[in-house]
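Please keep the sequence and the model side by side while reading. The paragraphs below are meant to be followed with the coordinates open.

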Amino acid sequence: MTLEDYGDNEADVQAVAVKQTHEYAVVNTSASEIQSILQENTGGELSPSDLDMVRVPTGGGLHFLVPTLEGEVPAESIEGVIVHFTKPRVYWAEAFGSGGGSTPPDCSSHDGVHGVGNPGGACSECPMARFGTATNQDGSQGAGQACAQKNNLFVLRKNDILPIVVVGPPTSLKNIRQYLLRLASNQQRFYGVVTKLKLTKTTSKGGIEYAQIEPSFVSYLDDEAASAMAGYHNNIAPILDAVTLDTE
């Protein structure tokens, strides 16, 4: 049955749209089947850091490079259910020294609360987490934090049983936070709705163009789908907390 079968009645069309959320694979796939597929394909050696990561392009590009079975494809947006998120921090004493992001950070935090390394300790009290401590590529003082905070969004797309990791850079933190607070204000959990992530271009005070993530609400999940996503979130969140920090 298609949308055309329901005629022009707006209420009927909306009802079909709600039912289509059941096309999410995890709603129709049992936990034991998901476990069986992962066991057969990975031999039981799956690491959270093996998940596909999608990053915001540099230079103000407005297309994500999204992984598929056929390879990476450009996409103007990513749509799915955010099943978890983390706010890690990472700090290099020499941010643009030899080796760049390929060298291990001097200090890092998986939860953005407690840092491990040098200087380590409580992130809220760390001088490297203060604004105005960042270093620009030309060596000048920047407006940001020397210890950069990111926002990893674990997005479960319709046909997937594992989420992709959309890495939100520091410049996207405000947009993401405002969206999540807006959902909370409307008594909605982030894993109970379908979200779209797109890129918008802006310019820094120094005249550098860059892209930032702009999340938006797409639709509610019905009770059955929301229940399945809540269970998925509760089961997978502790595992996803261990995802290796994106240090590029």
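What follows goes from the confidence of the model to its sheets, helices, pocket and cavities, and then to some details of the backbone.

This is a predicted model, in which local features need pLDDT of at least 70 and side-chain atom pairs count only at pLDDT 80 or more, while totals for chains, interfaces and linings use all residues. Residues are numbered from 1 along each chain as its sequence is written, and side-chain values use heavy atoms, with hydrogens and water left out.

Confidence is expressed as pLDDT, the predictor's confidence in each residue on a scale from 0 to 100. The mean pLDDT of the protein is 83, and 85% of its residues reach 70 or more. Helices (H or I, at least four residues) and strands (E, at least two) are DSSP runs numbered from the N terminus; confidence is highest in helix α4, at a mean of 96, and lowest in helix α1 (residues 10-19), at 46. Over residues 1-8 the pLDDT stays under 50, and the model has seven contacts for them beyond four places in sequence, a contact meaning heavy atoms within 4.5 Å. Residues 12-21 also stay under 50, with 13 contacts beyond four places in sequence. Where pLDDT is low, the predicted coordinates should not be read in detail.

Turning to the sheets, strands of a sheet pair through backbone hydrogen bonds, either parallel or antiparallel. Two strands are taken to pair if DSSP finds at least two bridges between them. Six strands, in the order β1-β11-β10-β4-β12-β13, form an open sheet with mixed pairing. Its edge strands, each pairing on one side only, are β1 (53-55) and β13 (209-220), and the twist from one strand to the next averages 45°. Within this sheet, β4 (residues 77-86) and β12 (residues 193-203) pair in the antiparallel sense over four bridges, and Gly-80 has Thr-195 in β12 as its bridge partner.

Helix α4 (residues 173-185) packs on this sheet, where it touches β4, β10 (151-156), β11 (164-168), β12 and β13, and its direction makes about 15° with that of β13. Such axes are lines fitted to C-alpha atoms, for helices over the stretch in contact, and the angles run from 0 to 180 degrees between N-to-C directions. Helix α5 (residues 223-240) lies across β4 and β10 and runs at about 60° to β4.

On a 1 Å grid over the protein atoms alone, a pocket is an open set of points with protein on both sides within 12 Å along at least five of seven lines, whereas a cavity is a set of points where a 1.4 Å probe fits but cannot get out; lining residues have an atom within 4 Å of a point. Grid points are joined across faces, edges and corners, and a volume is the space filled by probe spheres set on the points. The second largest pocket has a volume of about 580 Å³ and is lined by 24 residues, of which Ile-34, Leu-38, Tyr-232, Ile-236 and Ile-239 lie nearest its centre. Both α3 (31-42) and α5 supply at least two residues each to this lining, and the largest share, seven residues, comes from α5.

A second open sheet has five strands in the order β8-β7-β6-β5-β9, with antiparallel pairing, and its edge strands, each pairing on one side only, are β8 and β9. Three bridges join the antiparallel strands β5 and β6, and Arg-89 stands opposite Ser-109 in β6.

The model has two cavities of 30 Å³ or more, and the largest cavity holds about 80 Å³ of space. Its lining has 14 residues, of which Cys-107, Gly-115, Cys-123, Cys-126 and Cys-147 lie nearest the centre. The elements giving two or more residues to this lining are β5 (89-91) and β6 (107-109), and β6 gives the most, with three residues.

Some details of the backbone remain. The peptide bond from Asn-118 to Pro-119 is cis, with omega near 20°, and Pro-119 lies in the loop between β7 (114-117) and β8 (121-122). Gln-187, in the loop between α4 and β12, has a positive phi of about 60° although it is not a glycine.
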